[in-house]
Amino acid sequence: MSGATNAGEYVAKLEAWLRAQANPEAAGPMAAYMKGKFPFLGLRSPERVELTRRFLAGNGFPADAEDAAAKLWELPEREFQYTALFLLDKDRKRAPRTRIALYERLILEKSWWDTADLLAAKLAGSLLARFPDLIPERAEAWIASDNLWLRRTAILFQLGYKGKTDTELLFEAIRRNADDPDFFIRKAIGWALREYAKTDPRAVAAFAESNRLSPLSAREALKRIGKPG
């Protein structure tokens, strides 16, 4: 059932509901875990998800999930960004092709691995699987971007594709970012290769052998298949 109120009213009610359950004692350690980048209400994941589900049960799903998510993203505490992603995930099978613009915007705003990875591997990945004609333009833009989170998205968006992975695109994204010294790029390269190795370990081993990867990327890529050769 969709919510009857507009997105602003809906988000105001949801914000008040979550704030009423805030736990200041837990908020400090949660913020410290994220290196002080974001304030927290102190709602740990299981509790936050349960509270959100209870709210949805009483208030319905927002009529405009995209607008509600965008408004939640503007709120300061990190739980509101997590809740925005929860709503977008619930709505991902109905998402129109134009939602890629929102996903890109959220990847760029309040960026850190805890939101960017879900946006990349689950939300953007799911949308591009449904609208594959978007892939060439978006993937090239991400691979060439100056923003590390978009480049990480280029590497990770096929994470769940398994046998449908476009290996040439994956390997191209990795080659063009393999020299990047940033930890998050090197970790993403290893993660993407390790995941694809579950589908085609020989292809991953051959790629790792014929391309120069950072020690971190190579170690992660070959974790379950051993050294090439």
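Which residue caps the N-terminal end of helix 10? Asp-166 does: one of its side-chain oxygens lies 3.3 Å from the backbone nitrogen of Glu-168. Helices here are DSSP runs (H or I, at least four residues), numbered from the N terminus.

This is a predicted model, in which local features need pLDDT of at least 70, side-chain atom pairs count only at pLDDT 80 or more, and totals for chains, interfaces and linings use all residues. Residues are numbered from 1 along each chain as its sequence is written, and side-chain values use heavy atoms, with hydrogens and water left out.

Helix 10 spans residues 167-175. Its buried residues (under 20% relative accessible area, 1.4 Å probe, protein chains only) are Leu-169, Leu-170, Phe-171, Ala-173 and Ile-174. Among the elements covering them are helix 8 (135-143), helix 9 (148-156), helix 11 (183-197) and helix 12 (201-210).

Now to the pockets. A pocket is an open set of points on a 1 Å grid over the protein atoms alone, where a 1.4 Å probe fits, with protein on both sides within 12 Å along at least five of seven lines; lining residues have an atom within 4 Å of a point. The largest pocket has a volume of about 400 Å³, the space filled by probe spheres set on the points. Its lining has 17 residues. Ser-45, Arg-48, Tyr-82, Asp-114 and Leu-118 lie nearest the centre. Helix 2 (24-33), helix 3 (45-59), helix 5 (78-90) and helix 7 (113-130) each give two or more lining residues.

The second largest pocket holds about 160 Å³ of space. Helix 11 gives the most to its lining, with five residues. Helix 7 supplies at least two. Trp-113, Arg-152 and Glu-220 are among the lining residues.

Technical notes
Buried means under 20% relative accessible area, exposed over 50%, partly exposed in between (1.4 Å probe, protein chains only). Contact means heavy atoms within 4.5 Å. A polar contact is a pair of N or O atoms within 3.5 Å; within protein, one must be able to donate a hydrogen and the other to accept it, and residues adjacent in sequence count only if both atoms are side-chain atoms.
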